[in-house]
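Hi,

Here is the structure I said I would pass on. Have a look at it first, and then read my notes below.

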Amino acid sequence: MTRRRLAAASLGLLLLGGCSFIPEYIRPDSPVPQAWPAGPAYADSAAALPASAGPTLADLGWQEFFRSPQLQELIETALANNRDLRVAALNVEQARAQYRIERSALLPAVDVGGSLTRQRTPADLSRTGRTSVGSQWEASVGTTSFELDLFGRIRSLEQSALESFFATEQARAAVRISLIAEVANAYLTLLADKELLKLTEDTLRTQQQSFDLTRRSFDRGVGTQLDVAQARTAVETARANRAAYVRQIAQDKNALALLAGTPIDDSVLDRAPSLGTGDFVADLPVGLPSDLLRRRPDIIEAEYDLRAANANIGAARAAFFPTIGLTASAGTASAALSGLFDGGSGAWSFMPQIGLPIFDYGLREANLETAKVQREIGVAQYERAIQIAFREVSDALAAQGTLDDQLEAQSALVDATRSSYDLSILRYDRGLDSFLNALDSQRSLYAAQQDLINARLSQLSNLVTLYKVLGGGVPAEPVRVAGDPG
């Protein structure tokens, strides 16, 4: 008796387990070089060197990379309130529920039910020749249309849903790191615009003083009307720039509020330091291109989508084979409620069904071809994600290798234009040169100072971009196996 039970149990497990037609998954080869680009743009970038033993830039959490307390506060607020990140988290929950729906089809659903049927039979249809009214009470437990997954169709769909769930998790991670970088760049842009506003106000004050002196000199018969007009032109230009920067700062604050998902207290922004105060970590290596495969959420997401497409091929192949469904129930039936559980009232039914596909006008072949094409699309999208990541990191490394030199040269240019401006004013005051030369020197100094602030902004923004495109703050993805996502 025990052997018979074991054999029956083994047969049941075999029927439930079935087989699988999912093709073996082989990760596509990386379509990018094994090392970062080299050349004049990268010559001075120590970060472009391969990582030795020790942490890389991407290993740092965002709290370690962004050292400014004001920026950390803004990022924490955004992570708690940003609506795009909230939608990404809800998409994960939706994918989790979809996986559980597909997984539930692997086991039979058991239902318990009860019913009462009363029926009147007319006299001409009754066996006794008299009108009769009958009752029937039933109580049963059973399963309806449970498909035995002999060829792995359901398991293939379940595997595809699981991989899609993993992909959605990575999509949320990608949104998270993008949000952190957007908050940091918006914060830096605000700081830069505040410095540009201060510079413009200082320039406006200086140009207003110059205009007043020129006008008084003209009133005393020294200078020309052209000098007065040119001085006024410089003043009005600075005034227009000041209005533009005031507007830009207001818009910068609005952008930060949108990213943060809530209004921002101005006191947080008023405590912000100036640009270039060392609020970022910049002296760690970036590792190798192969590290991107384990860390960039968009690359990992593309690979999970590819795995899901690969699993769908198994479901499409299994559709060519018969499907077996089971409907069964057991319970009691009686003409009276009081006799529903009396001896001899037992009732049962067992109804296996088999469906064998014969002709469907090419539907199954088309479904299989579609699944294969979707897998090839997934391969191309995965390779493109790697290529985009390689290009983004390479661009950031090229900028890192040149922005230091550009910033140094721009600082020297500011010093040179300041000396030129001082000399021009001195020569004008002594009557050795025209006011036009002094005005040109003043404009050159103002433009050089603006470019210096923008170059400093580019340097810091590029560092944030480099941290983002390396997948910074996202733990390296471990090997995932099929199972309950939790």
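Before anything else, a word on naming: helices (H or I, at least four residues) and strands (E, at least two) are DSSP runs, numbered from the N terminus. This is a predicted model, where local features need pLDDT of at least 70 and side-chain atom pairs count only at pLDDT 80 or more, while totals for chains, interfaces and linings use all residues. Residues are numbered from 1 along each chain as its sequence is written, and side-chain values use heavy atoms, with hydrogens and water left out.

The overall picture

The protein chain has 11 helices and 4 strands. Of its 486 residues, 38% are buried. By that I mean under 20% relative accessible area; exposed is over 50%, and partly exposed is in between (1.4 Å probe, protein chains only). Take the contacts (heavy atoms within 4.5 Å). Among those between residues at least 6 apart in sequence, 85% join residues at least 24 apart.

The helices

How far does α5 reach? The expected span is 1.5 Å times one less than the number of residues in the helix. After α5 comes Gly221, with a positive phi near 90°.

α6 has 36 residues, which should span 52 Å at 1.5 Å a residue, and its end C-alpha atoms are 53 Å apart, which agrees. This helix is followed by Gly261, and here too phi is positive, near 80°. Within α6 you will find Ala229, which is partly exposed at a relative accessible area of 37%. Between Ala229 and Arg215 there are 9.2 Å from C-alpha to C-alpha, and the two are 14 residues apart in sequence.

Then there is α3 (residues 69-81), with 13 residues and a reach of 18 Å, close to the 18 Å expected. Which of its residues are buried? They are Gln70, Leu71, Leu74, Ile75 and Ala78. These cover an arc of only 135° around the axis, so they sit on the same side of α3. (The arc is that of the directions from the helix axis to the C-beta atoms.) Pro69 and Ala80, on the other side of α3, are exposed. The cover over the buried residues includes α2 (62-65), α5, α6 (225-260) and α7 (266-270).

Cavities and pockets

Both terms come from a 1 Å grid over the protein atoms alone: a cavity is a set of points where a 1.4 Å probe fits but cannot get out, and a pocket is an open set with protein on both sides within 12 Å along at least five of seven lines; lining residues have an atom within 4 Å of a point. Grid points are joined across faces, edges and corners, and a volume is the space filled by probe spheres set on the points.

There are 3 cavities of 30 Å³ or more. The second largest cavity holds about 50 Å³ of space. β2 (132-148) and β3 (323-334) each give at least two residues to its lining, and among the lining residues are Phe151, Arg153, Phe321 and Ile324. The lining splits into 7 nonpolar, 2 polar and 3 charged residues.

Two or more lining residues come from each of α5 (153-219), α10 (363-429) and α11 (435-469), with α5 giving the largest share, 7 residues. In total 14 residues line the pocket, and Leu199, Asp202, Thr203, Leu445 and Gln449 lie nearest its centre. The lining has 4 nonpolar, 4 polar and 6 charged residues.

Two residues to look at

Ser329 is in strand β3 and is partly exposed, at 27% relative accessible area. Leaving aside neighbours within four places in sequence, Ser329 is in contact with Val141, Gly142, Trp348 and Ser349.

Tyr361 lies in the loop between β4 (346-355) and α10. Most residues other than glycine have a negative phi. Tyr361 has a positive one, near 60°, and this residue is exposed, with a relative accessible area of 74%.

Cheers

Technical notes: Nonpolar A, V, L, I, M, F, W, Y, C, P; charged D, E, K, R; others polar.
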